[in-house]
Amino acid sequence: MAATNANEPSFRESVDLMFNRAAALVDLPAGMEDKIRVCNSTYTVRFGVKLRGEIRTFTGYRSVHSEHMEPVKGGIRYSLGVNQNEVEALAALMTYKCALVEVPYGGSKGGLCIDPREYEEDELERITRRFAYELAKRDLIDPAQNVPAPDMGTGEREMAWIADQYARMNTSDINAKACVTGKPPHAGGIQGRVEATGRGVQYALQEFFRHPEDVATAGLSGSLEGKRIIVQGLGNVGYHAAKFLSEEDGSKIVGIIERDGALVDEGGLNVEAISKWIRTHGGVKGYADASYVEDGPSVLEHDCDILIPAALEGVINLGNAERVTAPLIIEAANGPVTAGADEILRKRGCVIIPDMYANAGGVTVSYFEWVKNLSHIRFGRMQRRQEESRHQLIVDELERLSKDTGTGWTLSPGFKDRYLRGAGELELVRSGLDDTMRGAYQAMRDVWRSRDDVTDLRTAAYIVAIERVVSSYKAKGL
Ligand code: NAD
(Lines give C-alpha, C1' and ligand atoms only; values in the text may rest on other atoms or scores of the structure.)
Protein backbone atom coordinates (compact mmCIF):
# COMPACT_ATOMS: atom_id res chain seq x y z
CA MET A 1 0.00 0.00 0.00
CA ALA A 2 1.40 3.39 -0.93
CA ALA A 3 2.12 5.75 1.88
CA THR A 4 -0.49 8.47 1.99
CA ASN A 5 1.81 11.34 2.91
CA ALA A 6 4.39 12.93 0.64
CA ASN A 7 6.79 13.21 3.60
CA GLU A 8 6.68 9.46 4.14
CA PRO A 9 10.02 7.79 3.46
CA SER A 10 10.09 4.71 1.23
CA PHE A 11 9.97 1.25 2.85
CA ARG A 12 13.75 0.93 2.37
CA GLU A 13 14.38 4.36 3.92
CA SER A 14 12.01 3.50 6.74
CA VAL A 15 13.99 0.36 7.62
CA ASP A 16 17.24 2.35 7.41
CA LEU A 17 15.86 5.09 9.68
CA MET A 18 14.92 2.53 12.31
CA PHE A 19 18.33 0.87 11.94
CA ASN A 20 20.11 4.24 12.26
CA ARG A 21 18.26 5.07 15.45
CA ALA A 22 19.49 1.85 17.06
CA ALA A 23 22.97 1.91 15.53
CA ALA A 24 23.57 5.33 17.13
CA LEU A 25 23.22 3.62 20.51
CA VAL A 26 25.77 0.88 19.79
CA ASP A 27 29.51 1.39 20.05
CA LEU A 28 30.56 0.32 16.55
CA PRO A 29 34.00 0.24 14.91
CA ALA A 30 34.45 3.00 12.30
CA GLY A 31 32.62 2.18 9.08
CA MET A 32 30.78 -0.82 10.52
CA GLU A 33 27.41 0.95 10.59
CA ASP A 34 27.54 1.54 6.82
CA LYS A 35 28.79 -1.98 6.15
CA ILE A 36 25.82 -3.49 7.96
CA ARG A 37 23.21 -1.10 6.56
CA VAL A 38 23.95 -1.37 2.86
CA CYS A 39 22.43 -4.09 0.70
CA ASN A 40 25.29 -6.14 -0.82
CA SER A 41 23.67 -6.85 -4.17
CA THR A 42 20.40 -6.95 -6.05
CA TYR A 43 19.94 -9.00 -9.18
CA THR A 44 17.15 -7.97 -11.53
CA VAL A 45 15.96 -10.47 -14.09
CA ARG A 46 13.54 -10.05 -16.99
CA PHE A 47 12.44 -13.21 -18.68
CA GLY A 48 9.81 -14.22 -21.18
CA VAL A 49 7.33 -17.08 -20.95
CA LYS A 50 5.06 -18.10 -23.81
CA LEU A 51 1.50 -17.96 -22.48
CA ARG A 52 -1.85 -17.91 -24.23
CA GLY A 53 -0.25 -17.58 -27.66
CA GLU A 54 2.06 -14.65 -26.82
CA ILE A 55 5.33 -14.03 -25.03
CA ARG A 56 4.86 -12.32 -21.67
CA THR A 57 7.83 -10.66 -20.00
CA PHE A 58 8.16 -10.80 -16.23
CA THR A 59 10.46 -8.85 -13.89
CA GLY A 60 11.93 -10.46 -10.80
CA TYR A 61 14.48 -9.61 -8.12
CA ARG A 62 16.73 -11.35 -5.65
CA SER A 63 18.55 -9.14 -3.15
CA VAL A 64 21.32 -10.25 -0.84
CA HIS A 65 21.56 -7.83 2.05
CA SER A 66 24.29 -9.41 4.15
CA GLU A 67 26.52 -12.47 3.78
CA HIS A 68 28.02 -12.33 7.26
CA MET A 69 26.59 -15.85 7.47
CA GLU A 70 25.74 -18.20 4.62
CA PRO A 71 23.49 -19.36 3.20
CA VAL A 72 21.47 -16.19 3.02
CA LYS A 73 17.76 -16.64 3.56
CA GLY A 74 14.55 -14.90 2.61
CA GLY A 75 11.18 -15.47 1.00
CA ILE A 76 10.02 -14.96 -2.56
CA ARG A 77 7.00 -12.70 -2.92
CA TYR A 78 4.54 -12.65 -5.83
CA SER A 79 2.80 -9.29 -6.04
CA LEU A 80 2.30 -6.49 -8.52
CA GLY A 81 3.76 -4.11 -5.93
CA VAL A 82 7.17 -5.82 -5.93
CA ASN A 83 10.07 -3.45 -6.72
CA GLN A 84 13.76 -3.18 -5.94
CA ASN A 85 13.25 -0.84 -3.01
CA GLU A 86 10.79 -3.22 -1.37
CA VAL A 87 12.91 -6.33 -1.95
CA GLU A 88 15.99 -4.61 -0.50
CA ALA A 89 14.07 -3.46 2.57
CA LEU A 90 12.77 -6.97 3.12
CA ALA A 91 16.27 -8.45 2.64
CA ALA A 92 17.65 -6.07 5.28
CA LEU A 93 14.90 -7.10 7.70
CA MET A 94 15.86 -10.74 7.10
CA THR A 95 19.45 -10.04 8.21
CA TYR A 96 18.30 -8.50 11.48
CA LYS A 97 15.56 -11.10 12.01
CA CYS A 98 17.91 -14.07 11.59
CA ALA A 99 20.42 -12.51 13.98
CA LEU A 100 17.71 -11.79 16.57
CA VAL A 101 16.32 -15.34 16.61
CA GLU A 102 19.78 -16.91 16.24
CA VAL A 103 19.29 -18.77 12.99
CA PRO A 104 22.65 -18.95 11.22
CA TYR A 105 21.82 -17.09 8.01
CA GLY A 106 22.48 -13.81 6.26
CA GLY A 107 19.55 -11.83 4.87
CA SER A 108 18.05 -12.06 1.40
CA LYS A 109 14.68 -11.63 -0.33
CA GLY A 110 13.15 -12.12 -3.73
CA GLY A 111 10.12 -11.00 -5.61
CA LEU A 112 8.30 -11.31 -8.89
CA CYS A 113 6.00 -8.58 -10.25
CA ILE A 114 2.93 -10.65 -10.89
CA ASP A 115 -0.63 -11.01 -9.67
CA PRO A 116 -0.80 -14.79 -9.20
CA ARG A 117 -4.60 -14.68 -9.24
CA GLU A 118 -4.49 -13.83 -12.97
CA TYR A 119 -2.90 -17.13 -13.94
CA GLU A 120 -3.90 -20.78 -14.14
CA GLU A 121 -1.92 -23.29 -12.09
CA ASP A 122 0.02 -24.68 -15.06
CA GLU A 123 0.91 -21.15 -16.18
CA LEU A 124 2.15 -20.25 -12.72
CA GLU A 125 4.24 -23.42 -12.68
CA ARG A 126 5.95 -22.46 -15.95
CA ILE A 127 6.58 -18.90 -14.73
CA THR A 128 7.91 -20.12 -11.37
CA ARG A 129 10.19 -22.73 -12.93
CA ARG A 130 11.63 -20.18 -15.33
CA PHE A 131 12.22 -17.67 -12.51
CA ALA A 132 13.84 -20.42 -10.41
CA TYR A 133 16.05 -21.39 -13.37
CA GLU A 134 17.24 -17.78 -13.76
CA LEU A 135 18.08 -17.53 -10.07
CA ALA A 136 19.60 -21.01 -9.67
CA LYS A 137 22.00 -20.61 -12.57
CA ARG A 138 23.47 -17.60 -10.76
CA ASP A 139 23.67 -19.40 -7.38
CA LEU A 140 20.83 -17.23 -6.09
CA ILE A 141 19.10 -20.47 -5.22
CA ASP A 142 21.55 -22.92 -3.66
CA PRO A 143 21.46 -25.00 -0.43
CA ALA A 144 24.82 -23.58 0.69
CA GLN A 145 24.43 -20.02 -0.54
CA ASN A 146 20.90 -18.77 -0.94
CA VAL A 147 17.73 -20.47 0.30
CA PRO A 148 14.32 -18.93 -0.52
CA ALA A 149 11.01 -19.59 1.27
CA PRO A 150 7.35 -18.58 0.83
CA ASP A 151 6.14 -15.03 1.29
CA MET A 152 3.09 -13.06 0.16
CA GLY A 153 1.48 -14.73 -2.85
CA THR A 154 3.57 -17.92 -2.67
CA GLY A 155 3.26 -21.10 -0.64
CA GLU A 156 4.10 -24.80 -0.54
CA ARG A 157 3.16 -25.34 -4.17
CA GLU A 158 5.61 -22.77 -5.55
CA MET A 159 8.37 -24.00 -3.20
CA ALA A 160 7.88 -27.58 -4.47
CA TRP A 161 8.26 -26.36 -8.09
CA ILE A 162 11.41 -24.41 -7.17
CA ALA A 163 12.92 -27.45 -5.38
CA ASP A 164 12.17 -29.68 -8.34
CA GLN A 165 13.61 -27.17 -10.81
CA TYR A 166 16.83 -26.91 -8.79
CA ALA A 167 17.07 -30.72 -8.53
CA ARG A 168 16.70 -31.04 -12.32
CA MET A 169 19.58 -28.61 -12.78
CA ASN A 170 21.77 -30.25 -10.13
CA THR A 171 21.12 -33.94 -10.53
CA SER A 172 23.98 -35.15 -8.33
CA ASP A 173 23.54 -32.68 -5.47
CA ILE A 174 22.52 -34.92 -2.56
CA ASN A 175 21.43 -31.82 -0.62
CA ALA A 176 19.28 -30.42 -3.43
CA LYS A 177 16.11 -30.41 -1.30
CA ALA A 178 17.72 -27.92 1.08
CA CYS A 179 17.78 -25.30 -1.72
CA VAL A 180 14.41 -23.93 -0.61
CA THR A 181 12.19 -24.20 2.47
CA GLY A 182 8.43 -24.16 2.95
CA LYS A 183 8.02 -27.24 0.76
CA PRO A 184 5.08 -29.58 1.35
CA PRO A 185 5.90 -32.38 3.84
CA HIS A 186 5.71 -35.03 1.09
CA ALA A 187 8.31 -33.13 -0.96
CA GLY A 188 10.98 -32.65 1.68
CA GLY A 189 9.14 -30.14 3.86
CA ILE A 190 8.59 -30.24 7.59
CA GLN A 191 5.46 -30.50 9.72
CA GLY A 192 4.43 -27.14 11.12
CA ARG A 193 6.02 -24.89 8.46
CA VAL A 194 2.74 -23.64 6.99
CA GLU A 195 1.46 -22.54 10.40
CA ALA A 196 4.89 -21.39 11.63
CA THR A 197 4.70 -17.62 11.19
CA GLY A 198 1.20 -17.34 12.66
CA ARG A 199 2.17 -19.77 15.42
CA GLY A 200 5.20 -17.60 16.12
CA VAL A 201 2.95 -14.54 16.47
CA GLN A 202 0.92 -16.48 19.05
CA TYR A 203 4.07 -17.55 20.95
CA ALA A 204 5.36 -13.97 20.84
CA LEU A 205 2.15 -12.66 22.40
CA GLN A 206 2.13 -15.45 24.98
CA GLU A 207 5.67 -14.48 26.00
CA PHE A 208 4.74 -10.78 26.11
CA PHE A 209 1.86 -11.57 28.47
CA ARG A 210 4.23 -13.54 30.76
CA HIS A 211 5.75 -10.16 31.73
CA PRO A 212 3.15 -8.11 33.67
CA GLU A 213 5.44 -5.05 33.62
CA ASP A 214 5.45 -5.08 29.80
CA VAL A 215 1.69 -5.65 29.64
CA ALA A 216 1.22 -2.67 31.96
CA THR A 217 3.45 -0.50 29.75
CA ALA A 218 0.89 -1.09 27.00
CA GLY A 219 -1.85 -0.05 29.43
CA LEU A 220 -3.26 -3.57 29.49
CA SER A 221 -3.57 -6.17 32.23
CA GLY A 222 -4.17 -9.88 32.68
CA SER A 223 -3.66 -12.50 30.01
CA LEU A 224 -4.60 -13.06 26.38
CA GLU A 225 -7.95 -14.42 27.54
CA GLY A 226 -10.75 -12.11 26.37
CA LYS A 227 -8.42 -9.65 24.63
CA ARG A 228 -10.11 -8.01 21.61
CA ILE A 229 -8.03 -8.37 18.48
CA ILE A 230 -8.21 -6.86 14.98
CA VAL A 231 -6.31 -8.65 12.20
CA GLN A 232 -5.46 -7.22 8.79
CA GLY A 233 -4.92 -9.89 6.11
CA LEU A 234 -6.38 -13.35 6.61
CA GLY A 235 -3.71 -15.06 4.51
CA ASN A 236 -1.18 -17.56 5.75
CA VAL A 237 0.16 -15.50 8.66
CA GLY A 238 -3.02 -13.68 9.68
CA TYR A 239 -5.24 -16.74 9.46
CA HIS A 240 -3.00 -18.93 11.64
CA ALA A 241 -2.38 -16.19 14.20
CA ALA A 242 -6.12 -15.42 14.48
CA LYS A 243 -7.06 -19.10 14.61
CA PHE A 244 -4.61 -20.05 17.37
CA LEU A 245 -5.21 -16.95 19.48
CA SER A 246 -8.99 -17.40 19.36
CA GLU A 247 -9.07 -21.20 19.69
CA GLU A 248 -6.26 -21.72 22.20
CA ASP A 249 -5.79 -18.48 24.16
CA GLY A 250 -9.39 -17.34 24.49
CA SER A 251 -8.84 -14.06 22.65
CA LYS A 252 -11.66 -12.56 20.62
CA ILE A 253 -11.19 -11.59 16.97
CA VAL A 254 -13.40 -8.50 16.67
CA GLY A 255 -12.24 -7.32 13.24
CA ILE A 256 -10.80 -8.84 10.07
CA ILE A 257 -9.60 -6.49 7.31
CA GLU A 258 -9.10 -7.78 3.77
CA ARG A 259 -8.48 -6.23 0.35
CA ASP A 260 -12.19 -5.64 -0.36
CA GLY A 261 -13.32 -4.38 3.05
CA ALA A 262 -13.57 -5.56 6.62
CA LEU A 263 -15.79 -7.64 8.89
CA VAL A 264 -16.47 -6.62 12.47
CA ASP A 265 -18.31 -8.24 15.35
CA GLU A 266 -17.80 -7.36 19.02
CA GLY A 267 -19.05 -10.82 19.93
CA GLY A 268 -16.11 -12.44 18.10
CA LEU A 269 -15.71 -13.53 14.47
CA ASN A 270 -15.56 -17.12 13.26
CA VAL A 271 -12.07 -17.23 11.74
CA GLU A 272 -12.50 -20.65 10.14
CA ALA A 273 -15.78 -19.76 8.44
CA ILE A 274 -14.46 -16.41 7.19
CA SER A 275 -11.27 -17.97 5.84
CA LYS A 276 -13.39 -20.49 3.94
CA TRP A 277 -15.58 -17.67 2.62
CA ILE A 278 -12.54 -15.73 1.38
CA ARG A 279 -11.17 -18.80 -0.38
CA THR A 280 -14.42 -19.38 -2.25
CA HIS A 281 -15.46 -15.76 -2.88
CA GLY A 282 -12.11 -13.99 -3.18
CA GLY A 283 -12.88 -11.49 -0.40
CA VAL A 284 -14.94 -10.81 2.72
CA LYS A 285 -17.84 -9.04 1.00
CA GLY A 286 -21.14 -10.91 1.24
CA TYR A 287 -20.25 -12.85 4.40
CA ALA A 288 -23.51 -12.82 6.32
CA ASP A 289 -22.60 -13.42 9.98
CA ALA A 290 -20.83 -10.12 10.66
CA SER A 291 -21.09 -6.42 9.85
CA TYR A 292 -19.33 -5.43 6.63
CA VAL A 293 -17.28 -2.22 6.45
CA GLU A 294 -16.47 -1.14 2.92
CA ASP A 295 -13.56 1.11 3.92
CA GLY A 296 -11.34 -1.72 5.22
CA PRO A 297 -8.30 0.34 6.33
CA SER A 298 -10.54 2.49 8.57
CA VAL A 299 -10.97 -0.57 10.81
CA LEU A 300 -7.27 -0.27 11.73
CA GLU A 301 -8.47 2.73 13.72
CA HIS A 302 -11.22 0.86 15.60
CA ASP A 303 -11.01 0.31 19.32
CA CYS A 304 -9.28 -2.98 20.28
CA ASP A 305 -6.65 -4.35 22.68
CA ILE A 306 -4.29 -5.81 20.09
CA LEU A 307 -3.86 -4.88 16.43
CA ILE A 308 -2.24 -7.46 14.15
CA PRO A 309 -1.34 -6.08 10.72
CA ALA A 310 -0.60 -9.28 8.76
CA ALA A 311 -0.91 -8.19 5.14
CA LEU A 312 1.62 -5.75 3.75
CA GLU A 313 3.94 -2.85 4.51
CA GLY A 314 3.17 0.81 5.13
CA VAL A 315 -0.45 0.35 6.23
CA ILE A 316 0.04 2.40 9.40
CA ASN A 317 1.63 5.60 8.18
CA LEU A 318 1.71 9.35 8.66
CA GLY A 319 -1.78 9.47 7.15
CA ASN A 320 -3.54 7.41 9.82
CA ALA A 321 -1.15 6.90 12.78
CA GLU A 322 -2.78 9.62 14.88
CA ARG A 323 -6.09 7.78 14.65
CA VAL A 324 -4.79 4.27 15.39
CA THR A 325 -5.70 3.75 19.04
CA ALA A 326 -4.66 0.14 19.74
CA PRO A 327 -2.44 0.06 22.83
CA LEU A 328 -0.50 -2.96 21.52
CA ILE A 329 0.48 -3.64 17.91
CA ILE A 330 2.23 -6.81 16.86
CA GLU A 331 3.74 -6.55 13.39
CA ALA A 332 2.96 -9.90 11.82
CA ALA A 333 3.61 -8.44 8.36
CA ASN A 334 6.97 -6.98 7.40
CA GLY A 335 7.13 -3.21 7.75
CA PRO A 336 3.42 -2.45 8.39
CA VAL A 337 4.31 0.62 10.48
CA THR A 338 6.38 3.29 8.74
CA ALA A 339 9.19 5.08 10.58
CA GLY A 340 7.06 8.24 10.87
CA ALA A 341 4.06 6.36 12.24
CA ASP A 342 6.32 4.48 14.64
CA GLU A 343 7.40 7.78 16.17
CA ILE A 344 3.81 9.02 16.57
CA LEU A 345 2.68 5.74 18.13
CA ARG A 346 5.68 5.53 20.46
CA LYS A 347 5.05 9.05 21.74
CA ARG A 348 1.47 8.06 22.48
CA GLY A 349 2.67 5.09 24.57
CA CYS A 350 1.61 2.37 22.16
CA VAL A 351 3.78 -0.74 22.49
CA ILE A 352 4.88 -2.21 19.15
CA ILE A 353 6.21 -5.75 18.99
CA PRO A 354 8.44 -5.36 15.93
CA ASP A 355 8.25 -7.36 12.71
CA MET A 356 11.79 -8.69 12.87
CA TYR A 357 10.79 -10.54 16.02
CA ALA A 358 7.04 -11.01 15.60
CA ASN A 359 7.11 -12.83 12.27
CA ALA A 360 10.36 -14.72 12.79
CA GLY A 361 8.49 -18.00 13.27
CA GLY A 362 8.62 -18.63 9.53
CA VAL A 363 12.37 -18.41 9.19
CA THR A 364 12.87 -20.34 12.42
CA VAL A 365 10.92 -23.35 11.17
CA SER A 366 12.52 -22.92 7.73
CA TYR A 367 15.83 -23.36 9.53
CA PHE A 368 14.54 -26.61 11.07
CA GLU A 369 13.45 -27.78 7.61
CA TRP A 370 16.86 -26.96 6.11
CA VAL A 371 18.63 -28.88 8.91
CA LYS A 372 16.25 -31.81 8.34
CA ASN A 373 17.02 -31.78 4.60
CA LEU A 374 20.77 -31.72 5.24
CA SER A 375 20.60 -34.49 7.84
CA HIS A 376 18.27 -36.56 5.63
CA ILE A 377 16.23 -37.76 8.58
CA ARG A 378 12.96 -36.68 10.16
CA PHE A 379 13.21 -35.08 13.62
CA GLY A 380 12.32 -37.54 16.38
CA ARG A 381 12.72 -40.67 14.26
CA MET A 382 15.57 -42.06 16.35
CA GLN A 383 14.33 -41.04 19.81
CA ARG A 384 10.55 -41.32 19.81
CA ARG A 385 10.05 -44.99 20.74
CA GLN A 386 13.01 -44.98 23.11
CA GLU A 387 11.50 -42.00 24.91
CA GLU A 388 8.15 -43.79 25.07
CA SER A 389 9.67 -46.95 26.57
CA ARG A 390 11.49 -44.96 29.27
CA HIS A 391 8.22 -43.24 30.19
CA GLN A 392 6.51 -46.62 30.23
CA LEU A 393 9.07 -47.80 32.82
CA ILE A 394 8.10 -44.97 35.17
CA VAL A 395 4.35 -45.53 34.71
CA ASP A 396 4.78 -49.29 35.34
CA GLU A 397 6.81 -48.55 38.46
CA LEU A 398 4.24 -46.07 39.81
CA GLU A 399 1.44 -48.56 39.23
CA ARG A 400 3.47 -51.34 40.93
CA LEU A 401 4.19 -49.11 43.96
CA SER A 402 0.54 -48.19 44.28
CA LYS A 403 -0.46 -51.85 44.16
CA ASP A 404 2.34 -53.22 46.40
CA THR A 405 1.94 -50.56 49.10
CA GLY A 406 -1.85 -50.72 48.94
CA THR A 407 -2.16 -46.91 48.80
CA GLY A 408 -4.70 -47.14 45.98
CA TRP A 409 -3.13 -44.17 44.18
CA THR A 410 -4.31 -43.81 40.63
CA LEU A 411 -3.00 -41.68 37.81
CA SER A 412 -5.21 -38.80 36.63
CA PRO A 413 -7.41 -39.58 33.63
CA GLY A 414 -5.55 -39.01 30.39
CA PHE A 415 -2.16 -38.68 32.13
CA LYS A 416 -0.89 -42.03 30.89
CA ASP A 417 -1.73 -41.30 27.26
CA ARG A 418 -0.19 -37.85 27.32
CA TYR A 419 2.91 -38.85 29.25
CA LEU A 420 3.61 -42.01 27.28
CA ARG A 421 3.42 -40.36 23.88
CA GLY A 422 6.90 -39.56 22.56
CA ALA A 423 7.32 -36.33 20.62
CA GLY A 424 6.77 -36.49 16.86
CA GLU A 425 8.09 -33.99 14.34
CA LEU A 426 5.25 -31.48 14.82
CA GLU A 427 5.65 -31.39 18.62
CA LEU A 428 9.42 -30.97 18.26
CA VAL A 429 9.02 -28.18 15.72
CA ARG A 430 6.55 -26.33 17.94
CA SER A 431 8.78 -26.81 20.97
CA GLY A 432 11.82 -25.46 19.09
CA LEU A 433 9.78 -22.51 17.82
CA ASP A 434 8.38 -21.69 21.25
CA ASP A 435 11.86 -21.82 22.77
CA THR A 436 13.20 -19.53 20.03
CA MET A 437 10.40 -16.98 20.43
CA ARG A 438 10.80 -16.91 24.22
CA GLY A 439 14.59 -16.58 24.03
CA ALA A 440 14.51 -13.80 21.44
CA TYR A 441 11.88 -11.83 23.39
CA GLN A 442 13.96 -12.06 26.54
CA ALA A 443 17.10 -10.87 24.73
CA MET A 444 15.16 -7.92 23.32
CA ARG A 445 13.48 -7.19 26.63
CA ASP A 446 16.76 -7.22 28.58
CA VAL A 447 17.98 -4.32 26.43
CA TRP A 448 14.62 -2.53 26.62
CA ARG A 449 14.42 -2.74 30.39
CA SER A 450 18.07 -2.24 31.27
CA ARG A 451 18.95 0.85 29.24
CA ASP A 452 17.53 4.32 29.86
CA ASP A 453 18.25 5.33 26.26
CA VAL A 454 16.14 2.47 24.84
CA THR A 455 12.43 3.15 25.17
CA ASP A 456 10.91 0.69 22.72
CA LEU A 457 11.14 -2.95 21.67
CA ARG A 458 12.06 -2.19 18.06
CA THR A 459 15.21 -0.26 19.00
CA ALA A 460 16.05 -3.04 21.47
CA ALA A 461 15.58 -5.68 18.76
CA TYR A 462 17.84 -3.79 16.35
CA ILE A 463 20.51 -3.41 19.04
CA VAL A 464 20.54 -7.17 19.76
CA ALA A 465 20.67 -7.93 16.03
CA ILE A 466 23.37 -5.35 15.24
CA GLU A 467 25.59 -6.58 18.07
CA ARG A 468 25.30 -10.16 16.83
CA VAL A 469 26.06 -9.22 13.22
CA VAL A 470 29.08 -7.23 14.43
CA SER A 471 30.36 -10.22 16.45
CA SER A 472 30.06 -12.35 13.38
CA TYR A 473 31.98 -9.83 11.22
CA LYS A 474 34.64 -9.50 13.94
CA ALA A 475 35.07 -13.27 14.07
CA LYS A 476 35.75 -13.14 10.33
CA GLY A 477 38.44 -10.52 10.88
CA LEU A 478 36.55 -7.56 9.42
P1 NAD B 1 -0.55 -14.24 1.99
O2 NAD B 1 -0.47 -13.89 0.56
O3 NAD B 1 -0.79 -15.64 2.40
O4 NAD B 1 -1.67 -13.36 2.72
C5 NAD B 1 -1.77 -11.98 2.60
C6 NAD B 1 -3.22 -11.62 2.94
O7 NAD B 1 -3.35 -10.20 2.98
C8 NAD B 1 -4.21 -12.14 1.88
O9 NAD B 1 -5.33 -12.69 2.53
C10 NAD B 1 -4.56 -10.88 1.10
O11 NAD B 1 -5.84 -10.94 0.52
C12 NAD B 1 -4.47 -9.83 2.19
N13 NAD B 1 -4.24 -8.50 1.66
C14 NAD B 1 -3.50 -8.14 0.59
N15 NAD B 1 -3.56 -6.81 0.40
C16 NAD B 1 -4.35 -6.33 1.36
C17 NAD B 1 -4.81 -5.04 1.70
N18 NAD B 1 -4.45 -3.98 0.99
N19 NAD B 1 -5.62 -4.92 2.79
C20 NAD B 1 -5.99 -5.98 3.50
N21 NAD B 1 -5.60 -7.23 3.24
C22 NAD B 1 -4.79 -7.40 2.17
O23 NAD B 1 0.80 -13.65 2.63
P24 NAD B 1 1.49 -14.09 4.00
O25 NAD B 1 2.49 -15.12 3.68
O26 NAD B 1 0.47 -14.31 5.05
O27 NAD B 1 2.33 -12.76 4.32
C28 NAD B 1 1.74 -11.64 4.95
C29 NAD B 1 2.84 -10.77 5.54
O30 NAD B 1 3.62 -11.56 6.44
C31 NAD B 1 3.83 -10.18 4.53
O32 NAD B 1 4.26 -8.92 4.99
C33 NAD B 1 4.99 -11.16 4.59
O34 NAD B 1 6.22 -10.56 4.19
C35 NAD B 1 4.98 -11.49 6.06
N36 NAD B 1 5.66 -12.75 6.39
C37 NAD B 1 5.23 -13.95 5.89
C38 NAD B 1 5.88 -15.12 6.24
C39 NAD B 1 5.41 -16.48 5.78
O40 NAD B 1 5.94 -17.47 6.29
N41 NAD B 1 4.46 -16.60 4.90
C42 NAD B 1 6.99 -15.06 7.09
C43 NAD B 1 7.41 -13.83 7.60
C44 NAD B 1 6.72 -12.68 7.24
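Proline 71 sits in the loop between S2 and S3. Helices (H or I, at least four residues) and strands (E, at least two) are DSSP runs, numbered from the N terminus. This is a predicted model: local features need pLDDT of at least 70, side-chain atom pairs count only at pLDDT 80 or more, and totals for chains, interfaces and linings use all residues. Residues are numbered from 1 along each chain as its sequence is written, and side-chain values use heavy atoms, with hydrogens and water left out.

A cis peptide bond links glutamate 70 to proline 71, with omega about 5°. Glutamate 70 is in the loop between strand S2 (54-66) and strand S3 (72-78). Glutamate 70 is partly exposed, at 46% relative accessible area. Buried means under 20% relative accessible area, exposed over 50%, and partly exposed in between (1.4 Å probe, protein chains only). Neighbours within four places in sequence aside, glutamate 70 contacts Pro104 and Ala144. Contact means heavy atoms within 4.5 Å.

## Positive phi angles

Arginine 52 has phi near 50°, a positive value in a residue other than glycine. Its place is the loop between strand S1 (41-51) and S2.

Aspartate 139 also has a positive phi, near 60°. This aspartate lies in the loop between helix H4 (121-136) and strand S5 (146-150). Aspartate 139 is partly exposed, with a relative accessible area of 38%.

## Domains and cores

The chain is divided into domain 1 (40-187), domain 2 (196-361) and domain 3 (383-421). These bounds come from an automatic or database domain assignment. The C-alpha centres of domain 1 and domain 3 are 49 Å apart.

The largest nonpolar core has 92 residues. Such a core is a set of buried Ala, Val, Leu, Ile, Met, Phe, Trp, Tyr and Cys residues joined through side-chain atoms within 4.5 Å. Leu205, Ile308, Leu328, Tyr462 and Ile466 have the most contacts inside the largest core. Helix H16 (residues 457-475) gives the most to this core: eleven residues. Domain 1 (40-187) and domain 2 (196-361) both give residues to this core, so it lies between them. A second, separate core has 29 residues, including Val64, Ala132, Trp161 and Ala163.

Isoleucine 308 touches Leu205, Ile229, Ile230, Val231, Gln232, Leu245, Ile330 and Ala332, not counting residues up to four places away in sequence.

## Leucine 401

Leucine 401 belongs to helix H13 (residues 384-405). Leucine 401 is partly exposed, at 38% relative accessible area.
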